[in-house]
2 protein chains.
Amino acid sequence: MQPIIKLFLADENGEKFFGEGPYQLLKGVEKTGSLHAAAAEMHMAYTKALKIIKQAEKALEYPLIRRAIGGKDGGGSQVTAQGKKLMKSYEQYKDACNRSCKQIYQEIFRS
Amino acid sequence: MQPIIKLFLADENGEKFFGEGPYQLLKGVEKTGSLHAAAAEMHMAYTKALKIIKQAEKALEYPLIRRAIGGKDGGGSQVTAQGKKLMKSYEQYKDACNRSCKQIYQEIFRS
């Protein structure tokens, strides 16, 4: 037996708008420089990926990704500075919660 | 913005078999003395409720509910002593994790 912990950020109405899925999408955009490519890596339709990002941006009231315009490679997307800050906070939150809950699990279920 | 924390117990392969749904079903059986009634209260098909309980019992290798046979009211189900112990452990685990993760959330996202 093992514990599984799923963490989300929700708006004031309890509507979840950020968690592992959106986080992995942003990681993919960082890596590939493209939401299209990030969605494809997750076997997710681009329209679904875009909807997930737009919903999170609406709840957060700031942009997570920005379309890179022109330049040698044209198109593509980048994670904004605010997006990077959210990713870092989410990583810290996730790591600390996982550590804490696993310890609590051991204390309660293994005693 | 607020944190939402979802907790599950999983088997060695990572297959989730217990969480808020099964817990609420057991609470319903405790309250109503019937898995039929507990499922109905959750607007869940009885067959689905039975499948959830059976899967959890298989992973845990002990019975969570026991059919009450005969007696004035006939039929019906009761939560076993092992089921009650699991419910109590889950409650403690959930409460402690929620408290801990909410504090971590405050520290990371409100600072």
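User: Which residues of H3(B) are buried?
Analyst: The buried residues of H3(B) are B:Ala49, B:Ile52, B:Ile53 and B:Ala56. A residue is buried if 20 or more other C-beta atoms lie within 10 Å of its own, exposed if 12 or fewer, and partly exposed in between, with C-beta atoms placed from the backbone. Helices (H or I, at least four residues) and strands (E, at least two) are DSSP runs, numbered from the N terminus.

User: Why do they line one face of the helix?
Analyst: Seen down the axis of H3(B), the buried residues fall within an arc of 90°, so they line one face. The arc is that of the directions from the helix axis to the C-beta atoms.

User: And which residues are exposed on the other side?
Analyst: B:Thr47, B:Lys51 and B:Lys58 are exposed there.

User: Before we continue, where does the model come from, and how is it numbered?
Analyst: This is a predicted model, in which local features need pLDDT of at least 70, side-chain atom pairs count only at pLDDT 80 or more, and totals for chains, interfaces and linings use all residues. Residues are numbered from 1 along each chain as its sequence is written, and chains are lettered from A and ligands numbered from 1 in the order in which they are written.

User: What do the buried residues of H3(B) pack against?
Analyst: They pack against strand E2 (16-18), helix H1 (20-32), helix H2 (35-41) and strand E3 (65-67) of chain B. Two residues are in contact if their C-beta atoms, placed from the backbone, lie within 7 Å.

User: What span should H3 of chain B have?
Analyst: Helix H3 of chain B holds 15 residues (46-60), so at 1.5 Å a residue it should span 21 Å, and its end C-alpha atoms are 21 Å apart, which agrees. The expected span is 1.5 Å times one less than the number of residues.

User: What comes just after H3(B)?
Analyst: B:Glu61 follows, with a positive phi of about 65°. B:Glu61 lies in the loop between H3 and E3 of chain B. With 8 C-beta neighbours inside 10 Å, B:Glu61 counts as exposed. Most residues other than glycine have a negative phi.

User: Which phi does A:His43 have?
Analyst: A:His43 has a positive phi of about 55°, although it is not a glycine. A:His43 sits in the loop between helix H2 (35-41) and helix H3 (46-60) of chain A. A:His43 is exposed, with 6 other C-beta atoms within 10 Å.

User: How does E1(A) run relative to strand E1 of chain B?
Analyst: The two strands run antiparallel, joined by 9 bridges. Strands pair if DSSP finds at least two bridges between them. In E1(B), B:Leu9 is the bridge partner of A:Pro3.

User: Lastly, what is the order of elements in chain A?
Analyst: From the N terminus on, the elements run β-β-α-α-α-β-β-α. That is 4 helices and 4 strands.

User: And which scores does the predictor give the complex?
Analyst: The predictor gives the complex an ipTM of 0.87 and a pTM of 0.86. Chain A averages a pLDDT of 93, and 94% of the residues score at least 70; pLDDT is the predictor's confidence in each residue, from 0 to 100.
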